[in-house]
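Reader: I am new to this structure and would like to know on what grounds each description rests. Could you take me through the terms one by one?

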Amino acid sequence: MSFTLGTTPIQGVVIDDRGPIGANRVRIFRVRVPNDPYDEDVIEMPEDELALENRSIESIPNPDVVNYLEHGGLVQILKANMSGGKNQPRVWLGRDSLGNVVHTFIAERGSVGGATIPFFALHDNRLFTPKLNEVLAFLSTFGLTAGDAKQVARAVGTAP
Amino acid sequence: MPSNSLQHWNATRIVELDEIANAHLQVGGGARGRRYATEQINHAYTMLLSSQFQGFCRDLHSEAVDYIVRSVNPLSLRAVFRAEFTLHRKLDRGNPNPGNIGSDFNRLGLIFWDQIRAQSRWNHGRIGHLEDLNNWRNAIAHQDFDPAQLGGIINLRLATVRRWRQACERLAAVFDAIIGNHIAQITGTQPW
């Protein structure tokens, strides 16, 4: 479903039908609003202010992926798996409400990726050298060529 | 005509509470074990009463938000107001204790419990019953029966649950009236 929050078009998912409890017995829905890569929010909307959304998830050109990962995206992603353990996080890249590339931990909102984030691959916000090959392999899951992946790794830098 | 939320309380929620009240009556006789069985039903009745009252309060809050937001112009602000009123609402996650109820309804622009207390001196006692109900709800849910938190008792009797239910039924009608009048004052239109 979609609606406009202020001036921002929002695509959300209806997660609960609260029933016809609104003014003039309009149905009220609880709608999950994405806030990737952070926890989503849930707000209530009446059915007459929601529109059905059939937009498919667009693919992301490689230059946009590289640009995002070079400028903080990869470091932020790798920080999400510094503690290891069971159920290590998987990550996808998608588009936010303004069309910018962003990472998400929700498969349905991503268009590329889905691999498990390498464990403990950062040191002082740079790539931990013993994990470099693992990170390069991880970057290829976003559809990057070997050259693109190395370019991202160079931009982020390595640490011993 | 009451709010949609109160109609739903009267038509559906009360009926579901009646069903468990009837289950208590079905466990009759003087056989050993009856007291234990009825006490478990009293516990279940308490949990159900608390959850149904929580559902009513949340419905009423949603309905009130819808009426208030529809009076907002420009239209582009409406979803912003809806988000402000319903994000992190305590009644979505917490018990319907007076603190949580007051916190959520105060966001609509009134000091909720001041209004409720001002409406009738009998509401003081009903608010106390609501607190007791939720203390017991927590004790049952966590199986932690601390007499200091439960009015000095650890055995729950049907008469007590009935008293709480009467308080909830009365408070539901009072909430409906107070919130309806409040919406009329701030929007200029009587909602129900």
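Reader: What makes a set of residues the largest nonpolar core here?

Author: A nonpolar core is a set of buried Ala, Val, Leu, Ile, Met, Phe, Trp, Tyr and Cys residues joined through C-beta atoms within 7 Å, where buried means that 20 or more other C-beta atoms lie within 10 Å of a residue's own, exposed means 12 or fewer, and partly exposed lies in between, with C-beta atoms placed from the backbone. The largest such set has 35 residues, and those with the most contacts inside it are B:Leu49, B:Ala64, B:Cys168 and B:Ala172. Helix 2 (34-70) of chain B is among the helices that each supply at least two residues, and the largest share, 11 residues, comes from helix 2 of chain B. The model is a predicted one, in which local features need pLDDT of at least 70 and side-chain atom pairs count only at pLDDT 80 or more, while totals for chains, interfaces and linings use all residues. Residues are numbered from 1 along each chain as its sequence is written, and chains are lettered from A and ligands numbered from 1 in the order in which they are written.

Reader: Which residues does B:Cys168 touch, not counting residues up to four places away in sequence?

Author: Touching, or contact, requires C-beta atoms, placed from the backbone, within 7 Å, and on that count B:Cys168 touches B:Leu49, B:Phe53 and B:Leu130, with residues up to four places away in sequence left out.

Reader: How do you know that the span of helix 6 of chain B is close to the one expected?

Author: Helices are DSSP runs of H or I with at least four residues, and strands are runs of E with at least two, numbered from the N terminus. The expected span is 1.5 Å times one less than the number of residues; helix 6 of chain B (residues 122-142) has 21 residues and reaches 31 Å from its first C-alpha to its last, close to the expected 30 Å.

Reader: Why are the buried residues of helix 6 of chain B said to line one face?

Author: The buried residues of helix 6 of chain B include B:Asn123, B:Leu130 and B:Trp136. Seen down the helix axis, the buried residues of helix 6 of chain B fall within an arc of 160°, so they line one face, the arc being that of the directions from the axis to the C-beta atoms. The face turned away from this buried side carries the exposed B:His124 and B:His142.

Reader: How many residues does each chain give to the contact between chain A and chain B?

Author: Chain A gives 18 residues and chain B gives 19, and strand 5 of chain A gives the most to its chain's side, with 5 residues.

Notes:
Two residues are in contact if their C-beta atoms, placed from the backbone, lie within 7 Å.
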